[in-house]
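Could you walk me through this model in the viewer, one selection at a time? I would like to know what to click on next and what is there.

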Amino acid sequence: MNLLLHPAPRRIDEIPGRPPHADAAMLTSRDEELPPQGYRLEYGETVRIAHADAAGLRYALQTLAQLRATSPAPDRALRIVDWPDFARRGFQLDISRDRVPTRAGLRRLVDVLELARFNQLELYMENTFAYRDHAEVWQDASPMTPEDLHWLDDLCAARGIELVPNQNTFGHWERWLSHDEHRHRAEHPEPQTFAGTVRPPSTLAPTDDNARFVTGLLDELTPHFRSWRLNIGADETWELGTGTSRAQVAEDGLGTVFLDYVEKVARPWTERGYTVEFWADILGSHPELMDRIPAGTAPVVWLYDSPNHIATVLGRMSPAEQEFNRAHGIDAEQLRSFSSRARALIDAGVPFWVAPGTGTWLSFVGRLGNAIGNMTDAAETGIAHGSGGFLLTCWGDEGHIDPPTISYAPIVFGGGVSWALEANRDAEHRLAEILDRHVFDDAAGALGRILVDVGRVADNLDAKIGNASPLFRIIQRAGAMEPHHVPSAESLASARDVLSSALSRLDDAHPAAADGATVIAEIRQAVRWALFGVELFHTDLVAVVDGSTEMSTETARGLLECLDRLLADQRRTWLFAARPGGLDTSIARFAPLRRVLARLANGASAAG
């Protein structure tokens, strides 16, 4: 039965009778035997809804609205019975890597989340809330204000979505520790080199003073939310044990020092009745600590590559890449799947959440196939081990270049598999149609198919990189690419064909959605960036940068002109849904490539 409901219900049956007419009566009742958030909808001459709770009634009415909008309408009465696999279906948006959304951008995101039946939203923050006494940290970021959060909290509450405060309190403190006022809080106050990568101070020392300091920040942040949940972050504490805590780590062990600090930060909140989420990447290597996870906390296991993709990546990994992982404390075997990543928690019977990714960062146009495999793996593992939550993450690494529209396809799919996995496994085959009908209202049926097609371009390249697309890497890190990161000429030609076709087909789109013109412009810009990546491979930029071949001044001038046009359009399209703070920082990430092309255009070597 092809009704194109989203998420697809776990059960639809035809029943005797006719579907309702326009003014049919509707009866609702409470049924406590239904699972939480569940409902039973009889779509007949009288519409009957039984619901477990208020959320179940909300979702039943959402399904009813979609049924009424179905064309052609069903010619038989129907019974739908539905409930979620995961009680909490969250979405986390990174607003700390330069791109802070406008209120209009947030409203559009909430629209899509409501469609996909997410019931939790988190805005990942490092430096992008306007804390009263710390303007030095956020003054150039166009931060979220208390008024913004109250507005968003009200908007989410009206849509059945819980807005949860999120402030990293351990790792990823670069934007704070770069200021003299806060550098003393660093685990190690000087930049350090990890397998050839120089990193600025980013990890707080696990001291009582720092725990009190971040508690003060959370005391200021949380009153702007209705939620009794809180995410304190605590991922990727790269420098832990290299400075202030060196002796403590030597005596007690890295995992113990990590968990002791997490407990210090979490305790004031669990004692007040909050549930505290924190990232579990450090815990995965310390099974001996499973009986010490603080009561009232929820470890969140993150992983952003699909099992198929990462298996290829690990199989081709060079010694330098392997050393990079070791230097950052990454056990490559844990990256193979969610069940590998969560093994210590699974074996100990500790409840955990799963957190896959949209695959949109470091990509321009997304890595949709990878994201679908990653989200499906997360849902399978979470359901198998009774996870209470599924948190789909959308990060903004290296300038958050991808526009919001690129995330809509993975959001829609992720909402489906976190609601009812078995009913929505095949949603990827209907994804274009779902987007066109429910998100863009595109009568031409163009935008959904374009997003799906360009979203698979990186997946179809025969070069594979973990957590990124080669088309992005060559633009921002050409000098760090290895031979196995370079796609073949045939693979690039196929990518160019798909991307070029998408640009042409955008002219056929006719979205009725209020932001239709913005959506088209954002997709066009993202596709042009990806095409530029193809062109850089075609001109053999990787070999030019390492000095093994040359580039003509004419070619370099053409590429430089193209880059400058892209940068100008990036500034314009950014402001459709994001605030100006962070834009200059994001654009500055293209400066190394521009310098290389400028030198080559003037007849100098790439190294200059």
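Here is a tour that starts at a sheet, visits some backbone features, and ends in the core and at the cysteines.

Before you click, note that this is a predicted model, in which local features need pLDDT of at least 70, side-chain atom pairs count only at pLDDT 80 or more, and totals for chains, interfaces and linings use all residues. Residues are numbered from 1 along each chain as its sequence is written, and side-chain values use heavy atoms, with hydrogens and water left out.

**Stop one: the sheet**

Select strands E1 (11-15), E2 (26-30), E3 (39-43), E4 (47-51) and E5 (77-82). Helices (H or I, at least four residues) and strands (E, at least two) are DSSP runs, numbered from the N terminus. The five strands form an open sheet in the order E1-E5-E3-E4-E2, with mixed pairing; two strands pair if DSSP finds at least two bridges between them. E1 and E2 are the edge strands, each pairing on one side only. From one strand to the next, the twist averages 15°.

Now zoom in on E2 and E4, which run parallel and are joined by five bridges. Pick Thr-28 and you will find its bridge partner in E4, Ile-49.

H1 lies across E2, E3, E4 and E5, running at about 30° to E3. Here axes are lines fitted to C-alpha atoms, for helices over the stretch in contact, and angles run from 0 to 180 degrees between N-to-C directions. Contact means heavy atoms within 4.5 Å.

**Stop two: backbone features**

Go to Pro-7, in the segment before E1.

Select Ala-195 in the loop between strands E9 (192-194) and E10 (197-199). Ala-195 is not a glycine, yet has a positive phi of about 50°. Phe-364, in the loop between strand E14 (353-355) and helix H13 (368-384), has a positive phi of about 75° and is not a glycine either. The cut-offs are under 20% for buried, over 50% for exposed and in between for partly exposed (1.4 Å probe, protein chains only).

**Stop three: the core**

A nonpolar core is a set of buried Ala, Val, Leu, Ile, Met, Phe, Trp, Tyr and Cys residues joined through side-chain atoms within 4.5 Å. The largest one has 175 residues, and those touching the most other members include Phe-91, Trp-529 and Phe-532. Helix H21 (residues 516-538) gives the most to this core, with twelve residues. Apart from it lies another core of 15 residues, among them Leu-3, Val-47, Ile-49 and Leu-67.

Click Phe-532: leaving aside neighbours within four places in sequence, its contacts include Ile-475, Leu-559, Cys-562 and Leu-597.

**Last stop: the cysteines**

How many disulfides are there? The count is zero, where a disulfide is a pair of cysteine sulfur atoms within 2.5 Å. For Cys-394, the nearest cysteine sulfur, that of Cys-156, is 15 Å away. Cys-394 is buried, at 2% relative accessibility, while Cys-562 is partly exposed at 22%.
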